[in-house]
Amino acid sequence: QLQASGGGLVQAGGSLRLSCAASGRTFSSYGMGWFRQAPGKEREFVVSISWSGGSTYYADSVKGRFTISRDNAKNTVYLQMNSLKPEDTAVYYCAADLKERFSRWYADYWGQGTQVTVSS
């Protein structure tokens, strides 16, 4: 089970830190990441991190503003979001066992979403 938290309402330019805590099984051997879905839009990939934390991949839209990290001892993944923009408004989903195929990202395990709202 993946439990996401940390969402909320923030003004443009502000910051939020999302957390994703895994329970019931160990996800330390899996790549993990975040997706998001804005109203009326398809779910989109945001960022991934390898099982060791040594490799990350960011969507162009968040590169330089968002930072993913993980603590395998705590079975937790974090997403630090800085310089937030109104277009970052979405429900953010934590995911595990990510795979990339033909430039698209997929995940086998999903958490519930956490709402992030950025006001202008």
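Guide: Buried means under 20% relative accessible area, exposed means over 50%, and partly exposed lies in between (1.4 Å probe, protein chains only). This is a predicted model, in which local features need pLDDT of at least 70, side-chain atom pairs count only at pLDDT 80 or more, and totals for chains, interfaces and linings use all residues. Residues are numbered from 1 along each chain as its sequence is written, and side-chain values use heavy atoms, with hydrogens and water left out.

Visitor: Why is Phe-45 called buried?
Guide: Its relative accessible area is 13%, and the limit is under 20%, so Phe-45 counts as buried.

Visitor: What makes Tyr-57 partly exposed?
Guide: Tyr-57 has a relative accessible area of 47%. Exposed would need over 50% and buried under 20%, so Tyr-57 is partly exposed.

Visitor: Why is the pair of Phe-45 and Tyr-57 called tilted?
Guide: Rings of Phe, Tyr and Trp (its six-membered ring) pair if their centres lie within 6.5 Å; planes under 30 degrees apart are stacked, over 60 edge-to-face, and the rest tilted. By this rule there are eight aromatic pairs. Phe-45 and Tyr-57 are 6.1 Å centre to centre with 35 degrees between the planes, which makes the pair tilted.

Visitor: What does this pair tie together?
Guide: Phe-45 is in strand S5 (residues 44-49) and Tyr-57 in strand S6 (residues 56-58), so the pair ties together parts 12 residues apart in sequence. Strands (E, at least two residues) are DSSP runs, numbered from the N terminus.

Visitor: Why is the pair of Phe-45 and Trp-105 stacked?
Guide: The ring centres of Phe-45 and Trp-105 are 4.5 Å apart and the planes stand at 10 degrees, so the pair is stacked. Trp-105 lies in strand S10 (residues 104-119) and Phe-45 in S5, so this pair ties together parts that are 60 residues apart in sequence.

Visitor: Which residues do ring pairs link into a cluster?
Guide: The cluster consists of Phe-35, Phe-45, Tyr-57, Trp-105 and Trp-110.

Visitor: How do you know that Arg-43 lies over the face of Trp-110?
Guide: A charge sits over a ring if NZ of Lys or CZ of Arg is within 6 Å of the ring centre and within 35 degrees of the ring normal. Arg-43 lies over the face of Trp-110 at 4.5 Å from the ring centre. Arg-43 also lies over the face of Tyr-93, at 4.0 Å.

Technical notes:
Helices (H or I, at least four residues) and strands (E, at least two) are DSSP runs, numbered from the N terminus.
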